[in-house]
Amino acid sequence: MEKFNIIATTFFGLEEVLAEEIKALGSTDVKTLTRAVSFSGDNEMLYKANYWLRTALKILVPIKTFSAFNDKEFYEEAYKIQWQDYMAVTDTFAVDCVASGPIFTHSKYLALKCKDAIADYFRQKRGRRPDVDVEYPDLRINVHVYNSQVTVSLDSTGIPMSKRGYKTRQTEAPVNEVLAAGILTLTKTDFSTPFVDPMCGSGTFPIEACLMQMNIAPGSFRHFALEKCRNFDSQLWGRIKKEAKELRKTAPENTIYGFDKDVMALDIATQNAANAGVDKFINFDRKDFFNTPENGFGLFMVMNPPYGERLENQEDMNEFYKQIGDVLKSCYSGSKAWILSGNLTALKNIGLHPSKKIKLFNGPLECRLECFEMYEGSKKKKYEN
Ligand SMILES: C[S@@+](CC[C@H](N)C(=O)[O-])C[C@H]1O[C@@H](n2cnc3c(N)ncnc32)[C@H](O)[C@@H]1O
């Protein structure tokens, strides 16, 4: 099959993780960019990238790159694209644009200019223009502008891959699925020890950990824009889905726990896990982290405590994080805890020296992911519910 250039976009800090995922899928020419990775592949690789990549947001296929220094030049270059190669006049379309740099400051205006170019192109060639459908278009076009450099791509994903489709409800300040999967990879989550998220909210970390342990494709819960493309290969797509089912393991490698003190959060987490078909593999339970019995030996913990989103007093948040540190020290010797927080001041109050710090963003909010290792030589105790 013919090979072409593909771009997978991601979040700041996850580029290397994504590049490794793409290499594991068998692609060549993998290059790390800022918040993206470029690689080459055929249709099969394009489909697999959508279905299998846990840390990609969108899979784009560039069709033209050019320089433009004003709106007129942008419109003229966009108009020159042979649009009939990608869509029929009866197809609907949508254009998304992300522009940065000093030349083009209005992404929405550029998206509108691209729409005009496509409409005018078809009016000229066919005597009528295709309709726009922002929700479910047949063809979704992505325009990326950095200074004068413009890349026009076909968006094979549609709704970003951070929306896997299993999270029908969520608690306050959740992490999205791509960031959670990225964190589980960055932390080198050890599947040979029990995994626990003691403040699991809507359950994103335990669910993503379970999907990874069971080798369940993250794309198996949703549809993608590529399925509406005019040259969609349904046989190939069907084969990729069938092969993915065969690769699924019957159970996770180790026990996965998701705790929260809030009964509503647990209800939401359990529902989300059921949507992903993994509720019976995750032990959700109502527990207050500060009343945990002293038996958390040898766990791999990933947690995302409240940041103070509801404008809590900073003093209270500092005290809250200090108490987390105290519990880690007294109850979790021999365990490793990774904490993600957007409250960088509060995080300093944990009172343990982090062995690793990673800068990430949860949406627009700058966060730190810090690792705390509680060394202990005492006898090994099993974690009990
Ligand atoms: C930022 S949210 C976690 C979001 C989660 N990672 C997700 O993706 O939905 C913080 C969670 O900590 C829980 N929490 C706060 N204090 C707690 C405590 N003492 N013990 C257990 N859970 C607690 C809250 O109920 C909330 O669900």
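1. **Ground rules.** This is a predicted model, in which local features need pLDDT of at least 70 and side-chain atom pairs count only at pLDDT 80 or more, while totals for chains, interfaces and linings use all residues. Residues are numbered from 1 along each chain as its sequence is written.

2. **Two domains.** The protein is divided into domain 1 (4-155) and domain 2 (177-214 + 250-373); these bounds come from an automatic or database domain assignment. Between the C-alpha centres of domain 1 and domain 2 there are 35 Å. Domain 1 gives 8 residues to the contact and domain 2 gives 10, where two residues are in contact if their C-beta atoms, placed from the backbone, lie within 7 Å. On the domain 1 side, the touching residues are 5 nonpolar, 2 polar and 1 charged. Here Ala, Val, Leu, Ile, Met, Phe, Trp, Tyr, Cys and Pro count as nonpolar, Asp, Glu, Lys and Arg as charged, and the others, Gly among them, as polar.

3. Follow the order E2-E3-E1-E4-E7-E6-E5 and you have an open sheet of 7 strands with mixed pairing. Strands (E, at least two residues) and helices (H or I, at least four) are DSSP runs, numbered from the N terminus, and two strands pair if DSSP finds at least two bridges between them. Strand E2 (28-33) and strand E5 (93-100) are the edges; each has a single partner strand, so one side of each lacks a neighbour in the sheet. From one strand to the next the twist averages 30 degrees. E4 and E7 are antiparallel partners over 7 bridges, and Phe66 has Val150 in E7 as its bridge partner.

4. **An enclosed helix.** Why is helix H2 (residues 43-52) described as largely enclosed by the rest of the structure? Because 8 of its 10 residues are buried, among them Met45, Tyr47 and Trp52. Buried means that 20 or more other C-beta atoms lie within 10 Å of the residue's own, exposed means 12 or fewer, and partly exposed is in between, with C-beta atoms placed from the backbone. The buried residues of H2 pack against strand E1 (4-9), strand E3 (36-41), strand E4 (58-67) and helix H7 (234-247).

5. **Another open sheet.** Here the order is E10-E9-E8-E11-E12-E14-E13, again 7 strands with mixed pairing. Strand E10 (282-286) and strand E13 (356-362) each have a single partner strand, so one side of each is left without a neighbour in the sheet. Strand E12 (residues 336-341) runs antiparallel to strand E14 (residues 365-373), joined by 6 bridges; Trp338 is partnered with Cys371 in E14. Helix H8 (residues 263-275) packs on the sheet, where H8 touches strand E9 (256-260) and E10, and the direction of H8 makes about 165 degrees with that of E10. Axes are lines fitted to C-alpha atoms, for helices over the stretch in contact, and angles run from 0 to 180 degrees between N-to-C directions.

6. **Two backbone angles to look at.** Most residues other than glycine have a negative phi. Asn147 has a positive phi, near 55 degrees, and lies in the loop between strand E6 (139-146) and strand E7 (149-155). Ala173 also has a positive phi, near 50 degrees, in the loop between E7 and helix H5 (177-186).
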